[in-house]
Amino acid sequence: MPLHRDIYWIGRQWAVTGHGIQAVDQRLQGAFDLDRSRIWANDLREGLRGLTWFNEADFEKALAAARARFPKAAQESAEQLDASEPVKPASARSERLQLQTEGRLAKFLPQWRIRH
């Protein structure tokens, strides 16, 4: 997967983007990209440590930058919104909008005409 268009931090191997943490090397085809919903998981380094190309210091910097960019509190509130009951449409709400037109003059605008 190519890097997301919003790049917030870029290192030697990893980049923090709008998607989350992504490997800069495009030959990996997004196999090690982490969605921003997973950056607060504790087991992120476990599968990567055995790889010969993995630079742990660069990954730690990317993880710190991603966690600063996408705070845990915002992540939890987004998950709670997804799990909560659906939002009622405007017609079902108890609030009513009232149109006030009495005593006001109407404005008539010229029509647009397209000539053929």
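1. Of the contacts in the chain with a separation of 6 or more, 42% are accounted for by residues 24 or more positions apart. A contact here is a pair of heavy atoms within 4.5 Å.

2. This is a predicted model: local features need pLDDT of at least 70, side-chain atom pairs count only at pLDDT 80 or more, and totals for chains, interfaces and linings use all residues. Residues are numbered from 1 along each chain as its sequence is written, and side-chain values use heavy atoms, with hydrogens and water left out.

3. The chain has two helices and four strands, in the order β-β-β-β-α-α. These are DSSP runs (helices H or I, at least four residues; strands E, at least two), numbered from the N terminus.

4. Of the 116 residues, 21% are buried (under 20% relative accessible area, with exposed over 50%; 1.4 Å probe, protein chains only).

5. Helix H1 covers residues 56-69. Its buried residues are Asp58, Phe59, Ala62, Leu63 and Ala66. Seen down the helix axis, they fall within an arc of 135 degrees, so they line one face of H1 (the arc is taken over directions from the axis to the C-beta atoms). Exposed Lys61 and Ala68 sit on the face turned away from that buried side. The cover over the buried residues of H1 includes strands E1 (7-10), E2 (14-17), E3 (20-23) and E4 (34-35).

6. The largest nonpolar core has 14 residues, of which Trp14, Ile21, Ile39, Phe59 and Leu63 touch the most other members. H1 gives the largest share of this core, four residues. Such a core is a set of buried Ala, Val, Leu, Ile, Met, Phe, Trp, Tyr and Cys residues joined through side-chain atoms within 4.5 Å.

Key: Expected span 1.5 Å × (residues − 1).
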